[in-house]
Amino acid sequence: MTPADETVLAGHLQELRRGTVVVAALASLRTPGYGYALLESLGRAGFEVDANTLYPLLRRLEKQGLLTAEWNTDESRPRKFYRTSTAGEDVLAALRTDWRSLDAAITDLA
Amino acid sequence: MTTLTDRYVAATVRELAEDQRDDVDRELRGTIEDMVEARLGEGSAGSREDAEREVLVELGDPIRLAAGYSGRPLHLIGPALYPEWRRLVTLLVTIVSPIAAVGTLVVRLFTDDVARDGVGPAFGGAAVAGLTTALHVLFWTTLVYAILERTQPGRGVLGWTPDQLPESPDGRRWVSRGETVMALVALVVLALALVWQQVSSPVRLDGEAVPVLDPALWSGWIPLLLALLAAHAVLVVVAYRARRWTWPTVALGAVLDVAVAGVLVWLLQTERFFDPGFVAALVGGGWETAARDLRLALVLGVVVVTAWDQVETVRRMRAR
């Protein structure tokens, strides 16, 4: 592939993956976690998300009531732990259903 | 001593609402520390300061990060408003700027001491007025739309309907409101200029007001010109109410155009158009061939504009 082709592909891939971070975060945070730990685990799971995208996203999801958050002061450094709320679970289920039906639809096309 | 982290966190939370600040401050500090520790643990960064700097570079511009937290837009005018903004700016600039330039030109030609300074400053002033007006229109429209972008994000103001589509070349027979208004404004300005140059002429010769046109024209010729202009105005309104030009209205318009042009050219060629005092003022100011130059320029101008107007009209009528 020429560099131009790669740029085009990278652009499309970015578009395709944009919404998946929300799904991954909601799924992952059924076990409570804090910002940096989630960034690491998502990275290991293959979701390359920028720190400056993920941290604000967590707060937005909290504001939307999809995550609950509480400060954990047991450790050396106080950390804000997020956990998927009941509403978050519902949204996650809906997103997953949609993901599967999209996958099925695309498989049918191929 | 303030560290880079202190400054970074302060720059970020400053952009946020009061009730968010403490919480984001605390979390962001912890996160930066987590990221610094991780880098030191990997051994990829040299000193703690280097690691801190790298982490802040990764987090990027605090304004962008804060926008992520607050959901505020990172653009002045977003996609919801941009098309409206562009349409409005184009419309306003193409209408208001020429009006400002022509208005300034007319006023300056009368108020300037043309005999002494020539017409250069008047044209220069008109160009500056047109440009300044365009800048003002651009700035204020942009300001209003930037505020709208922040007060009602994601929504247009004027909206869009298919009625706003510009006429295709096929539809050029249709008479739009814009061209009607422009035609009427032009006629009124012309009529006012005719009256104004006589009753309160700002042109001065030895401190004395002199009209531009020969006052003898008021017994007959100027009233005739005013009547022809009025007739043209009526015709424009009739065409607008019928929503389209027809061959009879176009023909009548052409007759009126040619009549006005004929009167002007005949008066100019027989040297009865300008007030002798006005011409004398120009000649006295160093424009020795003023009488001839003005006559030629105006005859040429009238003929060219009239002819071009007719050609344009016929072209428009023949477009299917």
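**Walking through the model**

Mentor: Let's begin with B:Gly285, which counts as partly exposed because its relative accessibility is 35%. Keep in mind that this is a predicted model.

Trainee: Okay, where is B:Gly285 found?
Mentor: B:Gly285 belongs to the loop between helix 11 (276-284) and helix 12 (290-318) of chain B.

Trainee: And how far is its C-alpha atom from that of B:Arg116?
Mentor: The two C-alpha atoms are separated by 4.9 Å, although B:Gly285 and B:Arg116 are 169 residues apart along the chain.

Trainee: While we're on chain B, how is it divided into domains?
Mentor: There are three pieces: domain 1 covers 4-70, domain 2 covers 74-165 and domain 3 covers 166-320. Taken over C-alpha atoms, the centres of domain 1 and domain 2 of chain B are 43 Å apart.

Trainee: Switching to salt bridges, how many are there over all chains?
Mentor: A search of the whole structure finds 17. As a reminder, side chains of opposite charge can pair when their charged atoms come close.

Trainee: Which side chain meets A:Arg59 in a salt bridge?
Mentor: That's B:Glu27, at 3.0 Å from N to O. A:Arg59 lies in helix 4 of chain A and B:Glu27 in helix 2 (residues 18-42) of chain B, so this pair joins two chains.

Trainee: Are A:Arg59 and B:Glu27 buried or exposed?
Mentor: Both A:Arg59 and B:Glu27 are buried.

Trainee: What about a salt bridge within chain B, say at B:Glu54?
Mentor: The side chain of B:Glu54 meets that of B:Arg39, at 2.7 Å from N to O. B:Glu54 sits in helix 3 (residues 48-59) of chain B and B:Arg39 in helix 2 of chain B, so they tie together parts that are 15 residues apart in sequence.

Trainee: New topic: what order do the strands of the chain A sheet have?
Mentor: The order is 1-3-2, in an open sheet of three strands with antiparallel pairing. Strand 1 (33-34) and strand 2 (67-72) of chain A are the edge strands, each pairing on one side only.

Trainee: How many bridges join strand 2 to strand 3 of chain A?
Mentor: Six bridges do, and strand 3 covers residues 79-84. A:Trp71 stands opposite A:Lys80, and A:Leu67 has A:Thr84 as its bridge partner. A hairpin through six residues joins strand 2 to strand 3 of chain A.

Trainee: Let's look at A:Pro56. Where is that, and is it buried or exposed?
Mentor: A:Pro56 is in helix 4 of chain A, and it counts as buried because its relative accessibility is 1%. The C-alpha atoms of A:Pro56 and A:Gly35 are separated by 9.7 Å, with the two residues 21 apart along the chain.

Trainee: Last one, the second largest pocket. How much space lies in it?
Mentor: About 1,000 Å³. Its lining has 29 residues, and A:Arg17, A:Arg18, A:Val21, A:Val49 and A:Thr53 lie nearest the centre.

Trainee: Which element gives the most to the lining of that pocket?
Mentor: Helix 2 of chain A does, with six residues. By class, the lining of the second largest pocket has 15 nonpolar, six polar and eight charged residues.

Key
Residues numbered from 1 in each chain as written. Chains lettered and ligands numbered in written order. Predicted model: local features only at pLDDT ≥ 70, side-chain atom pairs only at ≥ 80, totals over all residues. Heavy atoms only, no water. Domains from an automatic or database assignment. 1 Å grid on protein atoms, 1.4 Å probe; cavity = no way out; pocket = protein on both sides within 12 Å on 5 of 7 lines; lining within 4 Å. Points joined across faces, edges and corners; volume = space filled by probe spheres on them. Helix = DSSP H or I, 4+ residues; strand = E, 2+ residues; numbered from the N terminus. Nonpolar A, V, L, I, M, F, W, Y, C, P; charged D, E, K, R; others polar. Pairing = 2+ DSSP bridges. Salt bridge = Lys/Arg side-chain N within 4 Å of Asp/Glu carboxyl O. Buried < 20%, exposed > 50% of the residue type's maximum accessible area, 1.4 Å probe, protein only.
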